[in-house]
Protein chains: 2
Amino acid sequence: MNHQCDYEALLKAVNLRITDNRLQVLQVIGKNHYPLSATDIHHKLECDSTINRVTVYRILELLVGNGLIERLSTGGRAFYYGLTLNHNHRSHAHFYCKKCGQMECLTPESLTADTSQLGKIFPGRIEKVEIRVDGICKNCLP
Amino acid sequence: MNHQCDYEALLKAVNLRITDNRLQVLQVIGKNHYPLSATDIHHKLECDSTINRVTVYRILELLVGNGLIERLSTGGRAFYYGLTLNHNHRSHAHFYCKKCGQMECLTPESLTADTSQLGKIFPGRIEKVEIRVDGICKNCLP
DNA sequence: AAGTTTTATGTTATATTGTTGCATTAAATG
DNA sequence: CATTTAATGCAACAATATAACATAAAACTT
């Protein structure tokens, strides 16, 4: 979503060391306009580097834990990852095509949730609200 | 959610044969007041029957396919299953506690989504909208 | 700068969840 | 009752993620 990010700065901001692998993972996620799975990311990186699959998982976990990326669940079995919302990346829902497995970002306007009541009445700690639309994307429609 | 269901009638209504295993799976899901994973369901059934793990998965798939139950994704790795919405079971969001892994149904009022725009502008086929709140439930709060 | 500690990465093994293929049992149909 | 079809069980497999331990790289200490 956010093509011009300074990924070094992002890492620095949360006190993480800057390594090649971390930058590459962030870059792949950042320049993609929809969320990717760990396998997607690993495949993209394998083209020009030799990063290990497990390292990808570890970096993803680290970045999620530090709030730089977010982990989305899908109608399928894998998690997908996208850059965390920021000033030029507002909260939005996602569409998951159960045929091709691709995630798509929906515009913030197309689907909005009113969470104002929830915060008042729910007794636990709320960390995030995930809205996902499942179906068949236009490319996979018969 | 819906304790007094006639599960035989539900199966009949969608032209599925009535078997003991199917009834038991439906009963477990139906009498539970929050969605359960396949493993949860299997464990509950193993107490007084000997149903196979794979059979549980197959029945769940069948029931989802026929619209009797719905499959929810969580912040974790397993799918959870609950009875499909009906007249006394309105559409609602779910809360997932990432500590104990339990799902909770939220009241329909506490969180509502406006999907009116989406249907108009989205070019693919929309099958469902899933809203999940992740966090820590009150029992797991420190 | 050399040695020590800490952190990041790689490698292999394992866990979890779900699915497939095939044999067997049970039910429905003729 | 014989034949076909459907349901279940069992064993193997597949996909995704994590854990345990070894090694490499970086940071820190003297």
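User: What pLDDT does chain A average?

Analyst: pLDDT is the predictor's confidence in each residue, from 0 to 100. Where pLDDT is low, the predicted coordinates should not be read in detail. Chain A averages 90, and 94% of its residues score at least 70.

User: How many helices and strands does chain A have?

Analyst: Helices (H or I, at least four residues) and strands (E, at least two) are DSSP runs, numbered from the N terminus. Chain A has 5 helices and 7 strands. Their order from the N terminus is α-α-β-α-α-β-β-β-β-β-α-β. The radius of gyration, taken over C-alpha atoms, is compared with a globule rule of 2.2 Å times the number of residues to the power 0.38. For chain A the radius is 16 Å, close to the 14 Å that the rule gives for 142 residues, so the chain is as compact as a globular protein of that length. The C-alpha trace of chain A spans about 45 × 45 × 25 Å along its principal axes.

User: What share of the contacts in chain A comes from residues 24 or more positions apart?

Analyst: Two residues are in contact if their C-beta atoms, placed from the backbone, lie within 7 Å. Of the contacts in chain A with a separation of 6 or more, 51% join residues 24 or more positions apart.

User: Which element gives the most to the side of chain A that touches chain B?

Analyst: The contact takes 33 residues from chain A and 32 residues from chain B. On the chain A side, strand E4 (94-97), E6, helix H5 (116-121) and strand E7 (125-136) each supply at least two residues. E7(A) gives the most, with 12 residues. For classes, Ala, Val, Leu, Ile, Met, Phe, Trp, Tyr, Cys and Pro count as nonpolar, Asp, Glu, Lys and Arg as charged, and the others, Gly among them, as polar. This side of chain A divides into 15 nonpolar, 9 polar and 9 charged residues.

User: Which residues are closest to DNA strand C, and which to DNA strand D?

Analyst: A residue is near a strand if its C-beta atom, placed from the backbone, lies within 6 Å of it. DNA strand C is surrounded by 23 residues, the closest being A:Thr19, A:Asn21, A:Asn52, A:Val54 and A:Thr55. Two or more residues come from each of helix H2 (20-31) and H4 of chain A, and helix H3 (38-46) and H4 of chain B. H4(A) gives the most to this surface, with 4 residues.

DNA strand D is surrounded by 22 residues, the closest being A:Phe79, B:Thr19, B:Asn21, B:Asn52 and B:Thr55. Its contributing elements, with two or more residues each, are helix H3 (38-46) and helix H4 (53-65) of chain A, and helix H2 (20-31) and helix H4 (53-65) of chain B. The largest share, 4 residues, comes from H4(B). By class, the surface near DNA strand D has 8 nonpolar, 7 polar and 7 charged residues.

User: Is B:Ala113 buried or exposed?

Analyst: A residue is buried if 20 or more other C-beta atoms lie within 10 Å of its own, exposed if 12 or fewer, and partly exposed in between, with C-beta atoms placed from the backbone. B:Ala113 counts as buried because it has 20 C-beta neighbours inside 10 Å. B:Ala113 is found in strand E6 (residues 112-114) of chain B. Leaving out residues up to four places away in sequence, B:Ala113 touches A:Leu111, A:Thr112, A:Ala113, A:Ile131, B:Val129 and B:Ile131.

User: What phi does A:Asn15 have?

Analyst: A:Asn15 has a positive phi of about 65 degrees although it is not a glycine. A:Asn15 lies in the loop between helix H1 (7-13) and H2 of chain A, and is exposed, with 7 other C-beta atoms within 10 Å. B:Asn15 also has a positive phi of about 65 degrees.

Note on methods:
Residues are numbered from 1 along each chain as its sequence is written. Chains are lettered from A and ligands numbered from 1 in the order in which they are written. This is a predicted model: local features need pLDDT of at least 70, side-chain atom pairs count only at pLDDT 80 or more; totals for chains, interfaces and linings use all residues.
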